[in-house]
Amino acid sequence: MKPAPFAYVRAETLDQVFDLLDEYGDEAKILAGGQSLMATLNMRLSTPEVLIDINHLEGLSDISSDGDVLRIGALARHSDVLESEHVQKHAPLIAKTMPHVAHQAIRNRGTFGGSVAFADPAAELPAVTRALGAIFVLQGRDGQRKVAADDFFQGLFETDLKENELLVGAEIPAIKDGERTAFMELARRHGDYAIVGLAVQGRLEGDTFADMRLGFFGAGDQPILAKSAIAALNGQPNNEGTIKNAQDALDADLDPMPDLNGPAEMKMHLARVLTKRALAELAA
Amino acid sequence: MDQNVDITMKVNGQTVSRRIPARTNLVDFVRYDMELTGSHVGCEHGVCGACTIRVDGAIVRGCLMLAAQAEGAEVETIEGLSDAGEIADLQKAFHERNAVQCGFCTPGMLLTAQELLTKNSSPSREEIREFISGNYCRCTGYQAIVDAIDRVAEERRG
């Protein structure tokens, strides 16, 4: 299908964006990479009056690092994140994730900030930012505020972003010595939305799990930090019993929705299988 | 607010200016306004890859980008790549290896294959499959397409 008619503004400044957001409110949509928005417009699931194209705002595409914090601008394209040496060095979990984020033609347009702000519970990046303890920078007309990923995601496609705010970047704690990562997802076709998946970062002190963070996608109405499973792992030895406890704990963490891929029980089963595999990869 | 936009871009090397409805996506623009019908329209929500077009040197989904967003850009379609001879070897290999049946996916496949081979001169068969995973083919079962791309990769390495 074709989108319903709308007006289009190529924003040159943040003030222009806020003016339009103030004027049009709900009837305005921010167009970043557009790789989810355009599909919803084409299907007329969304019929805004005006699209505010933010692709030409300056300074929002940079990827940089000061050693402690990796900064990814909201408009950094997935393909830029995929190829970034800063990301490979300081956030190997993101580097492992990016090849699974859609397909090349979509990665060439889709943006990091767009994926986070859209907050699709089936998308990889929101869950990965939870596993990494990322902090998001939200810009309003009068300044910026920072919100932890753990507080940012609030429900199905719902975030802490206010109507007149723009996500401008993410700050990600750089990986520290001894931290390990693993990424697993199950998709019917490489690059498609996963049936279920998880991103893991944490440490093994000798044989004992520590500082574990497991972020799940496709497992509920929002990206999920699996707190019960994490509690079952931290301080415990890496053995069959611990893994089994973590798998069982997922019942309290995850609440997958049935869809065309299968019923919720099947997704719970797959989440348990992937968790075991991811922990094995982490320890390898 | 005005629901039309004025745009100027290069399409296959030629500068074009038009006034179009803002909602026009890039693939419809090249098909209807430029009458370049080699780029196909399949699913219109970014799944099938039939609408693959190159913008400023990188492939995109023509159905997930507005023509208005290509303002000032260099847009290249299958016609441009084909006429320039840039993918003559890929076209020949697709033909010889029978990697084409109905042909609907072929322009998108060729543009995607070309981007793969520019980024990676010796992809494994697994890497080829992964890279073209965003382009549906409902005829060939992909085997022949992977063969054709594999062969061209080898030929280009010399």
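Select A:L138 and look across to strand 7 of chain A: its bridge partner there is A:R145. Strand 6 (residues 135–140) of chain A and strand 7 of chain A run antiparallel, with six bridges joining them. Strands here are DSSP runs of E, at least two residues long, and helices are runs of H or I, at least four residues long, numbered from the N terminus. Two strands count as paired if DSSP finds at least two bridges between them.

A word on what you're viewing: this is a predicted model, where local features need pLDDT of at least 70, side-chain atom pairs count only at pLDDT 80 or more, and totals for chains, interfaces and linings use all residues. Residues are numbered from 1 along each chain as its sequence is written, while chains are lettered from A and ligands numbered from 1 in the order in which they are written.

Now widen the selection to the sheet in chain A with the order 4-5-10-6-7: it is open, has five strands and pairs antiparallel. At its edges sit strand 4 (63–65) and strand 7 (143–148) of chain A, each pairing on one side only. Neighbouring strands of this sheet are turned by 20 degrees against each other on average, direction ignored. Axes are lines fitted to C-alpha atoms, for helices over the stretch in contact, and angles run from 0 to 180 degrees between N-to-C directions.

Next, colour chain A by domain: domain 1 (7–53), domain 2 (63–173) and domain 3 (179–283), with bounds from an automatic or database domain assignment. The centres of domain 1 and domain 2 of chain A, taken over C-alpha atoms, are 19 Å apart. Twelve residues of domain 1 of chain A are in contact with 17 residues of domain 2 of chain A; contact means C-beta atoms, placed from the backbone, within 7 Å. Pick out helix 1 (residues 14–24) of chain A, which gives the most to domain 1's side, with five residues.

Over to chain B. Its open sheet of five strands has the order 2-1-5-3-4, with mixed pairing. The edge strands are strand 2 (14–21) and strand 4 (58–61) of chain B. Neighbours in this sheet are turned by 40 degrees on average, direction ignored. Helix 4 (residues 106–119) of chain B packs on the sheet, touching strand 3 and strand 4 of chain B, and its direction makes about 45 degrees with that of strand 3. For a close-up, select B:V55 and its bridge partner in strand 5 of chain B, B:V75.

Helix 3 (residues 88–96) of chain B is next. Which of its residues are buried? B:L90, B:Q91, B:A93 and B:F94 are, meaning 20 or more other C-beta atoms lie within 10 Å of their own, against 12 or fewer for exposed and in between for partly exposed, with C-beta atoms placed from the backbone. They sit on the same side of helix 3 of chain B because they cover an arc of only 165 degrees around the axis, the arc being that of the directions from the helix axis to the C-beta atoms. B:A88, B:H95 and B:E96, on the other side, are exposed. Show helix 2 (78–83), helix 4 and helix 6 (143–157) of chain B as well: they are among what covers the buried residues. Just after helix 3 of chain B, B:N98 takes a positive phi of about 60 degrees.

Last stop: the contact between the chains, with 28 residues from chain B and 25 residues from chain A. Strand 4 of chain B supplies the largest share of chain B's side, four residues.

Conventions: Two residues are in contact if their C-beta atoms, placed from the backbone, lie within 7 Å.
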